[in-house]
Amino acid sequence: MVWLKRTWLPILTHVGAPLPLALLIWNFFHDQLTANPIQYITFQTGKAALVLLILALACTPLNTVFGFRQVVGLRKSFGLYAFLYATLHFLTFVGLDYQFDPELLKEAIFKKRYALVGFAAFLTLLPLAITSTKGWMRRLGKNWKRLHRLIYLAALLVIIHFVWLVKSDIREPLAYGAVVLLLLALRLKTIRRTLVDLRERLAARRRNYNRVTFREDLN
């Protein structure tokens, strides 16, 4: 039971994160990729990348602000899974949609603003994935943290990419954008300190209440 209590979150992460890919493979072999399979694959991989990127961003504030320490070790896993889906999303665009044609890709990237900002987001995530190992952490030292703050820039670029892609009904990308902005706000020192102080006061009150209740029970 102790082992399960310690490992249930990593297990859930490594089971849940590959599910969108498994579903795509299942739909491929069962001819269920809709009437526009390329668009379907592009959307599903992009959305999975965004969700996992947000989960990676959420790990730090969940620990520092809310004291949920179990998620500390999951940031890297969420980030790498997000990069996996971002890579699949990118390869679907350049490979399936544009057949790796340099001229068509050049035209698409520089004439379609959603493609340009999406490409920028992928290039931002690329060095983060490459330097995610302990070896790179040692080599870069303090610069490693500075570099990996680019994940917030990547998330904002992905939101802009999503908004410009859907064009009409932008409620869903804006909802994701609001979550990203909230996670960014939780990194601000004043907001983080206020929430941490509030959590500590509530914890102190709960401990005092438990002590009083315990004494009353004894009497």
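Which residues in helix 4 are buried?

1. The model under review is predicted. In helix 4, the buried residues are Ser-77, Phe-78, Tyr-81, Ala-82, Phe-83, Tyr-85, Ala-86, His-89, Thr-92, Phe-93, Val-94 and Gly-95.

2. The largest nonpolar core has 39 residues, of which Leu-50, Leu-52, Leu-53, Leu-57, Leu-125 and Ile-151 touch the most other members. At least two residues of this core are supplied by each of helix 3 (37-64), helix 4, helix 6 (113-130), helix 9 (150-166) and helix 10 (171-185). Helix 3 provides the largest share, 10 residues.

3. Leaving aside residues up to four places away in sequence, Ile-151 touches Leu-53, Ala-56, Leu-57, Arg-75 and Leu-128. Another core, of 8 residues, lies apart from the largest one; Val-94, Ala-108, Ile-109 and Ala-115 are among its members.

4. Most residues other than glycine have a negative phi. Gln-99, which follows helix 4, has a positive phi near 55°. Phe-100, in the loop between helix 4 and helix 5 (102-111), also has a positive phi, of about 55°. Phe-100 counts as exposed because its relative accessibility is 54%, the cut-off being over 50%.

5. Thr-34 occupies the loop between helix 2 (19-29) and helix 3. Its phi is positive, near 65°, although Thr-34 is not a glycine.

Terms used: Residues are numbered from 1 along each chain as its sequence is written. This is a predicted model: local features need pLDDT of at least 70, side-chain atom pairs count only at pLDDT 80 or more; totals for chains, interfaces and linings use all residues. Side-chain values use heavy atoms; hydrogens and water are left out. Buried means under 20% relative accessible area, exposed over 50%, partly exposed in between (1.4 Å probe, protein chains only). Helices (H or I, at least four residues) and strands (E, at least two) are DSSP runs, numbered from the N terminus. A nonpolar core is a set of buried Ala, Val, Leu, Ile, Met, Phe, Trp, Tyr and Cys residues joined through side-chain atoms within 4.5 Å. Contact means heavy atoms within 4.5 Å.
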